[in-house]
There are 2 protein chains.
Amino acid sequence: MHPFSNNPSDTIAALGEQKLLQRIRRWLGSAMPAAPHGMGDDCAVLPSPRAGRGRTPLVTVDPVIYGEHFDDSVAPRAVGQKLLSRNLSDIAAMGGRPNAAVVALALDPRVRIDWLEGFYRGLAANARRHGVPLVGGDLATQRGGLVATLTLLGRATGPRVITRAGACVGDFIAVSGVLGGSLASGHHWKFTPRLAEGAWLAARPEISAMMDLSDGLAKDIHTLTPPRSRAALFGDLLPIRGGHDLHAALSDGEDYELLFTLRGEPAAARRLVAAWRKKFPRVPLTVIGRLEPAGAPSDGTIDLTAHHGFEHFG
Amino acid sequence: MHPFSNNPSDTIAALGEQKLLQRIRRWLGSAMPAAPHGMGDDCAVLPSPRAGRGRTPLVTVDPVIYGEHFDDSVAPRAVGQKLLSRNLSDIAAMGGRPNAAVVALALDPRVRIDWLEGFYRGLAANARRHGVPLVGGDLATQRGGLVATLTLLGRATGPRVITRAGACVGDFIAVSGVLGGSLASGHHWKFTPRLAEGAWLAARPEISAMMDLSDGLAKDIHTLTPPRSRAALFGDLLPIRGGHDLHAALSDGEDYELLFTLRGEPAAARRLVAAWRKKFPRVPLTVIGRLEPAGAPSDGTIDLTAHHGFEHFG
């Protein structure tokens, strides 16, 4: 069977990302365990032969693809750096630390040697910075293409792994760093994965759920929002990158910041913010809203239906 | 920088696969540990926080790429099956067993829904057959492309991991199954990874080195051949798939059979073959030659320089 169709209704673009993910779950059936041991979170939690002994093993995989995640304006070193950092951000979002990586490249035979040198040197420099040995990989030919896929193995830093599930009505919503303008500012490749911050948050019992922001706050916040509730976010609280606007902060994507929810009273949220500022004085932490019952009045909160994050296969 | 060049001398095609691998080692430097903890074998051996306790963890990554590893003549279910089986073959070649897999897809938005359903169902059926949970993955857009990359985690089945290094002059060379004609016969997607056989061989102390055949015997045998020695292979001993010839058996690639070396006298090789036939009566095992000193007379052996396996980026 030819894999592509020119009849739009037959294609994955027509299905859209959410429905496609539902179908994949159905197609995989029992071959895919339920989250967090299957798809649906930043990392998968690996089945361990010694459950309860040692730190929980984690795995995540993310690519960089020419024409999608980088173009000719991005230096090859930056592409290599970005490939590892994207995956480190996923490990950070579970409160983990990285152990080792493998990288698989699909390369057109016309790829420039000096492009590839820059890519590998950027990847290696970032790997040394984070103490991640590159233990193996694969090289294959793809005519006309350039895809680098990195699989990152890691472990939880403490007894608890923070997943995307766990938030309740009443929880505060907080975010690290500033949002929006990732592409224009070069943040999308030079960001610092929030590994120390993620591990620190995972050790605090009041943190109920966490993820990294990759497709834009307006889209990603739905992932943390439990059924029969809504995220009440306040536009004037949002930490926006200088030179960008509220819409950019909600929709641009590739922020690679931690988005998380925390239990408790306002005083508990204030204590967390104060402790964070002492521990991470150079990284902003902002409480941007709260989870409310689905029917609650929405006065003054952002109308999330007016903003869209990054949609795959669009 | 634009990643592609129309000046052939600037490209990875001009460099060729072997030189490219040497360059990559240099570019990665200390970010890549030495084999078996870095590139250079069928799987990488993972650094373990509890060295000496439990079975050695292994990891391997291999893709299937439209236009390279499959075309329109291969059913989508077969593509999904092949993707896992290729990686299982690498785990088998180290004497390991699989634990879990993640799969990353780069997809053109025009990919047919029914193609993708077939792919995932084929992958899932194979995963259930081998007891490998698909624990996570990633979906990304690649305009004009279709790449599926699977990373497979596993563990050694015994205290010993068999690598590609370890063969000595005097060792016999043996191969499982029959060789050649993989594409024409459909073997390239419907083969059975030699997991039971690899684990059985890894438990035998006389096995000195092992790999899986993917690029053709004439090319892959050099990987097992230590310095200052040569592989003396006998054409009339080679197990050739029916309807194919010696050249096909040496050059076609995608055999996914185990190629290994064993120490000792001819009687030890005979004992191994006899034990194999009792244990695996349906899988041929053939002693095809021996490692000789580099300068030894080559009467009657195959001139390996006259045959070439699959060359990447050619």
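This is a predicted model: local features need pLDDT of at least 70, side-chain atom pairs count only at pLDDT 80 or more; totals for chains, interfaces and linings use all residues.
Let me start with a term: a salt bridge here is a side-chain nitrogen of Lys or Arg within 4 Å of a carboxyl oxygen of Asp or Glu. By that rule, the interface of domain 1 of chain A and domain 2 of chain A has 1 salt bridge. Glu254(A) forms a salt bridge with Lys82(A), and their closest N and O atoms are 2.8 Å apart.

Residues are numbered from 1 along each chain as its sequence is written, chains are lettered from A and ligands numbered from 1 in the order in which they are written, and side-chain values use heavy atoms, with hydrogens and water left out.

So, the domains. Chain A is divided into domain 1 (39-47 + 54-156) and domain 2 (172-306), with bounds that come from an automatic or database domain assignment. Their C-alpha centres lie 25 Å apart. The contact, meaning heavy atoms within 4.5 Å, takes 19 residues from domain 1 of chain A and 16 residues from domain 2 of chain A.

How much area is buried between domain 1 of chain A and domain 2 of chain A? About 1400 Å², of which carbon and sulfur atoms give 59%; buried area is the accessible area (1.4 Å probe) that two parts lose on being put together, summed over both. Lys82(A), the salt-bridge partner of Glu254(A), comes back here: Lys82(A), Ser89(A) and Ala92(A) lose the most area in domain 1 of chain A, together 30% of what that side buries.

Now to the two chains. The contact between them takes 90 residues from chain B and 88 residues from chain A. About 7800 Å² is buried between chain B and chain A, with carbon and sulfur atoms giving 65% of that area. On the chain B side, Met1(B), Phe4(B) and Trp27(B) lose the most area to chain A, together 11% of what that side buries.

The rule finds 2 salt bridges across the interface of chain B and chain A. In one of them, the side chains of Glu68(B) and Arg143(A) meet at 3.3 Å, N to O.

Which element gives the largest share of the side of chain B that touches chain A? That is α4(B), with 10 residues; helices (H or I, at least four residues) and strands (E, at least two) are DSSP runs, numbered from the N terminus. By class, that side of chain B has 51 nonpolar, 22 polar and 17 charged residues. For those classes, Ala, Val, Leu, Ile, Met, Phe, Trp, Tyr, Cys and Pro count as nonpolar, Asp, Glu, Lys and Arg as charged, and the others, Gly among them, as polar.

Last, the symmetry. A rotation of 180° with 0.0 Å of shift along its axis superposes chain B on chain A, with an RMSD of 0.0 Å. That is the relation of a two-fold axis. The superposition is by least squares on the C-alpha atoms of residues with pLDDT of at least 70 in both copies. And 98% of the interface residues of chain B are also interface residues in chain A, so the copies meet through the same surface. Thanks, everyone!
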